[in-house]
Amino acid sequence: MTLIVQSQSLHFDEPLLLQSGKSIHDYDLTFETYGTLNTDKSNAVLVCHALNASHHVAGVYANTDAKIQEKSTGWWDNMIGPGKPVDTDHFFVIGINNLGSCFGSTGPMHINPDAKKIYGADFPVVTVEDWVNAQALLMDKLGIKVLAALMGGSLGGMQALSWTLQYPDRVRHAVVIASAPNLTAENIAFNEVARRAIVTDPDFHEGHFYDYGVIPKRGLRIARMIGHITYLSDDVMNAKFGRQLKQSLGLDAAVKVNSQAGAYNYSTLDVEFQIESYLRHQGDKFAEYFDANTYLLITRALDYFDPARQFGGDLTKALAIAKAKFLLISFTTDWRFSPSRSRELVKALLDNNHDVSYAEIDAPHGHDAFLLDDPRYTSIVRSYFDSILNEISLKVAA
Amino acid sequence: MSDLATMQAIAELVPMGSRVLDLGCGDGALLDYLHSTRNCTGYGIEIDDANVLACVKRGVNVIQLNLDEGLALFDDASFDVVLQIDTLQHLRNAEVMLRETARVGRLGIVAFPNFAHWPNRLSVLLGRMPVTRRLPYQWYDTPNIRVGTHADLRELALHNGLKVLDSFGIQEGRSVRFAPNLLAGTSVFLFTR
């Protein structure tokens, strides 16, 4: 059965003090919910999104055209929904769009109520901690004091982790997938290349491109291309594209070598290899819907996240305050958020005697694996949420 | 060695309320048992996907790691008890892991199949590798890459400067204190650094 969903927004007048010292007021948070909140409000699960996703986690938006409806499937629909590993027949799941994003919540493309013009580059820098504070305010409005679980992958996992440190009494479980306690230099470097691509696009206009009626699409495309490369593994890219030429697609090997279709064009400008075509397509698609300032803001939030920083780099001390139980999952071929980063988190949790389970899934898909179906991965998540459900029903019984 | 009597015999060696690390914890049954009967907390280490899943299903804390990569994740004496139950025989670096067990745990408990148990001796004497309830594998497909005896483990422990606090055998769920090297299918050692 298809889950038909709708997004909602709530308005917040009160200023939200940000980590930078600035604040933002009169902002909206867009979110979706799936399932039913039980009477004692103990079955709520908040799902945090990563770089380019949104509050639209599961289900589809109603549309009379079945094809359009199908295309609107939520980004974690394979994981969350009725009968799915995070079963919305039992859990009340909330997806939320973060501040600064471009899918509904207030972001750089909206009007700055103080300046009475579009924020653009003036949108304040937001951090993971700021997002978590905003999410907590939304939970307040929904009447949810304690979350049965926080869940997120990658940057979403950082938010789940941060919840356990900022609101230790409001989180029972944190499911942190393909994430890290902070970004490595290499990771920040990738973000910086993406940002430079956007900022140096002549259409960027110092972040105020909206005033000029243009979009720095060239920059966005390149940002997406480099990002996309880092989300895949070498093996998966080779398996999918190899050295396949674009124009010989679908031809068998013998034909490729002997026919014109298999010959090089000896051009530096044409799309020659299939991987180029794929990356360009991904870049084009992305530039159509993603906001350039949002890309800068979110990658910066990634760079800044480092809960150990205020403890002199001591992650064990940083995680001491957490009270949640943790499930951590990493993927062996993920080199952007590698298993060793998850193990750092595991070690810090162990040092504090916090409850933690950790699964290292031997999947070939790189960082993207956290969005894909792998029975070893999904069955661990399902079992973990089953045990959360047991806890909830035991509490109700008692 | 998941039968209840053996599990109880091992559990009795673990002080009440201990913080336990179970190396090669299988489906988490022992940790679950230690939690419910002896108020212990702790973690299991497993490499096998199905066992990791089984632990999560039971609600037992499990960390998926390859023990042959060492215990760098764990600080010295960070656990009251480190268990190595039917794990040693699968490890490439069995000696290192014995030392690591003593380093990470204030108390180490190792149990493994005793190859010098008399039916095994008899089998070898008759010219064939033993296939028994305790060692149910054919020589060519056994996951047990280390074959040792109760006496051998004592030697290895002493050679590594470990203090053996107690050692005995387990047979049919009962402790064997007399001639365990001959009379017990399972060898058990309690040791410390």
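**Close-up views of chain B**

**View 1. The start of helix 3 of chain B, with B:Asp48 and B:Ala50.** In this predicted model, a side-chain oxygen of B:Asp48 comes to within 3.2 Å of the backbone nitrogen of B:Ala50 at the start of helix 3 of chain B, where helices are DSSP runs (H or I, at least four residues) numbered from the N terminus. After helix 3 of chain B comes B:Gly59, which has a positive phi, near 80°.

**View 2. The buried and exposed residues of helix 3 of chain B.** The face turned away from the buried side carries B:Ala50 and B:Lys57, which are exposed (over 50%).

**View 3. A nonpolar surface patch on chain B.** B:Trp118, B:Leu122, B:Leu125, B:Leu126, B:Phe178, B:Leu182 and B:Leu183 make a patch of about 790 Å² (residues with over 30% relative accessible area and no salt bridge, nonpolar side chains being joined within 5 Å; a salt bridge is a side-chain nitrogen of Lys or Arg within 4 Å of a carboxyl oxygen of Asp or Glu). Helix 5 (118-125) and helix 7 (180-183) of chain B each give two or more residues to the nonpolar patch, and helix 5 gives the most, with three residues. B:Leu182, in helix 7 of chain B, counts as partly exposed because its relative accessibility is 34%.

**Notes.** Residues are numbered from 1 along each chain as its sequence is written, and chains are lettered from A in the order in which they are written. Local features need pLDDT of at least 70 and side-chain atom pairs count only at pLDDT 80 or more, whereas totals for chains, interfaces and linings use all residues; side-chain values use heavy atoms, with hydrogens and water left out.

Definitions and conventions
Patch = residues over 30% accessible without salt bridge, like charges linked within 9 Å, V, L, I, M, F, W, Y side chains within 5 Å. Areas by Shrake-Rupley, 256 points an atom, 1.4 Å probe, with all protein chains shown as cover. Buried < 20%, exposed > 50% of the residue type's maximum accessible area, 1.4 Å probe, protein only. Polar contact = N/O pair within 3.5 Å; in protein donor to acceptor, adjacent residues only side chain to side chain.
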